[in-house]
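Biologist: Let us go through this model together. I will ask, you answer.

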Amino acid sequence: MPLIRRLPKRGFNNAAFHKRYAIVNVSDLNAFGAGTVVNEELLRESNLVRGYFAGIKILGDGELKHGLQVQADKVSAAAREKIEKAGGTVTLRQRHHVEKNKTDVTPSETEPKAAGAAAKSRAKAKTKSPKKKRE
């Protein structure tokens, strides 16, 4: 049996929480006409992006010949410079982030009451009566 299979697997691995982004180079964007809005839907229709990804990342490999309106999740500094130099614009997409407003929070979710309940349960655990011994 190989050594790697005989050794125990221990520790924490961040691989499960890693986000994979679809990579698109600036040179790939030359396939679109001038002034086109390039977003994830258009890239999927043109088969530049296939599969499941957390978002789109534009990298600066190659040259852009005309201006485009690019909408992506991440853009490298070189790619942003090349797109803006060609007369285009770059906008970063906002991820859907749900935040609780103060009106959405119910009284049971507030901090002081929850902390008080935890303190009471700890106090009860300390004051339990000892068991009587049988004789």
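**Contacts and core**

Biologist: Which residues does I56 touch, not counting residues up to four places away in sequence?
Modeller: This is a predicted model. Contact here means heavy atoms within 4.5 Å. With sequence neighbours up to four places away left out, I56 touches Y21, A22, V24, E40, L43, V49, A72, D73 and K74.

Biologist: Which residues touch the most other members of the largest nonpolar core?
Modeller: That core has 19 residues. The residues that touch the most other members are L29, L43, I56 and I58.

Biologist: Which strands are the edge strands of the open sheet?
Modeller: The sheet has 3 strands with parallel pairing, in the order β2-β4-β6. An edge strand pairs on one side only. Those strands are β2 (37-38) and β6 (89-92).

Biologist: In what order do the elements of the protein chain run?
Modeller: The chain holds 4 helices and 6 strands. Read from the N terminus on, the order is α-β-β-α-β-β-β-α-β-α.

Biologist: What share of the protein chain's residues count as buried?
Modeller: Buried means under 20% relative accessible area. The protein chain exposes about 11300 Å², with carbon and sulfur atoms supplying 53% of that area. Of its 135 residues, the buried share is 21%.

How values were computed: Residues numbered from 1 in each chain as written. Predicted model: local features only at pLDDT ≥ 70, side-chain atom pairs only at ≥ 80, totals over all residues. Heavy atoms only, no water. Pairing = 2+ DSSP bridges. Helix = DSSP H or I, 4+ residues; strand = E, 2+ residues; numbered from the N terminus. Core = buried A, V, L, I, M, F, W, Y, C linked by side-chain atoms within 4.5 Å. Buried < 20%, exposed > 50% of the residue type's maximum accessible area, 1.4 Å probe, protein only. Areas by Shrake-Rupley, 256 points an atom, 1.4 Å probe, with all protein chains shown as cover.
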